[in-house]
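Open the model in your viewer and keep the selection tool at hand. The stops below take in a helix, a cavity and a pocket.

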Amino acid sequence: MARKVIQVAVNGVTGRMGYRQHLVRSLLAIREQGGVRLSDGTDVYPEPILVGRSEERLRAIAAQHGLDRWTTRLDEVLADPEVDVYFDTQVTSAREASLMKAIEAGKHVYTEKPVAGSLAGALRLARAAQAAGITHGVVHDKLFLPGVIKLRRLVDSGFFGRVLSVRLEFGYWVFEGDGVPAQRPSWNYRAADGGGIVLDMFPHWQYVLTDLFGPVSALYARNVTHVPRRWDESGRPYEATADDAAYAVVEFASGAVAAVNSSWAVRVNRRELLELQVDGTDGSAVAGLRHCAIQHRVSTPMPVWNPDLPDPLDYQAQWTDVPDNMTFDNGFKAEWELFLRSAASGQPFAWDLTKGAEGVQLAELALRSSAEGRRIDVPPLDA
């Protein structure tokens, strides 16, 4: 069987997401299975090149996984004609400039979100990639979560009837770092470094919500910094200048409305860290990362409000879990396989940099809505 090796420069591999999800659970897992197969029978085999700022950590990762190439010099990698793909999972503030260099070098590009710190920057990247004729893509991993896949099947089957409303709840308590070490990097809470929950998570919510329920037409948002003082990885205190929570009302062109709550200052009392409740005329569903529970119109109970007596209904027991009747692969790996196929054959990728710009647009409008204290229309993106 023919094999086509694709050299993939992975920038930011020393970070938790870059290492665990993109290197180990995606690229190395794809190598272990023998690559991904194209329609002509060719196996596409990714060969990672590790890129980052810490020579010591890069060397250790390369030795642990038997990889030959690593470097702290991005320009050197981009100048190598044998490098096919550039992938970026750096801090947000460093991403736009590196992606533009890769595009100008003629590399296919794949990137984490947000693709840039501003809509103008995201559009510059999208237009440059289109002009270069390369394959370009953005990580939309949450579309490949088992819970979201089940929810998509329900939408496509017409289970909900007319969708009325959506409630998205996301978040958990991120420790301040003084007593218990913080479980997120400190740059996430500094605006100058591209931190903030709006810029981090609203690009995710944009593609999840529009994929499931159609275009967003307007939103009102309020972003806040609930915890103003935190401690960094060295134990030094610093002032948090980026938002750690955001509360939004999102309107869809269909007339449906979503309440979207995102917070790193909330304690979890739900089945999973992310939950989406969808209510429609014919049925409802609550989906998380993996589970999805449903209640149809014909099995909906009839509660009666009476605060003077204990409620006899066990509401959660009246929902039914959608079964795992298919095999779910790692979401990051599943999308990497699709991107590698597109890049190897020179085809456009479904979730390209223009889609990434739409996510930045929603985040930027949410920040503007909060700053101005008003509802804002979401216009079609002129890419």
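Start with helix α8, which is mostly covered: 12 of its 15 residues are buried. Bear in mind throughout that this is a predicted model.

To bring up the helix, select residues 331-345. From first C-alpha to last, α8 reaches 22 Å, close to the 21 Å expected at 1.5 Å a residue. Colour its buried positions next; among them are Phe 332, Trp 336, Phe 339 and Leu 340, along with Lys 333, Glu 335 and Glu 337.

After the helix comes Gly 346, with a positive phi near 70 degrees.

A search of the whole structure finds 1 cavity of 30 Å³ or more, and the volume of the largest cavity is about 40 Å³. Select Thr 92, Pro 114, Arg 184, Trp 187, Asn 188, Gly 194, Gly 195, Gly 196, Asp 200 and Trp 264 to show its lining. By class, that lining has 3 nonpolar, 5 polar and 2 charged residues.

The last stop is the second largest pocket, which holds about 430 Å³ of space. Of its 15 lining residues, select those closest to the centre: Arg 271, Glu 275, Gln 277, Val 286 and Gln 316. Two or more lining residues each come from β8 (163-171) and β14 (274-280), and β14 gives the most, with 3 residues. The lining of this pocket has 5 nonpolar, 4 polar and 6 charged residues.

Key: Residues numbered from 1 in each chain as written. Predicted model: local features only at pLDDT ≥ 70, side-chain atom pairs only at ≥ 80, totals over all residues. Heavy atoms only, no water. 1 Å grid on protein atoms, 1.4 Å probe; cavity = no way out; pocket = protein on both sides within 12 Å on 5 of 7 lines; lining within 4 Å. Points joined across faces, edges and corners; volume = space filled by probe spheres on them. Nonpolar A, V, L, I, M, F, W, Y, C, P; charged D, E, K, R; others polar. Helix = DSSP H or I, 4+ residues; strand = E, 2+ residues; numbered from the N terminus. Expected span 1.5 Å × (residues − 1). Buried < 20%, exposed > 50% of the residue type's maximum accessible area, 1.4 Å probe, protein only.
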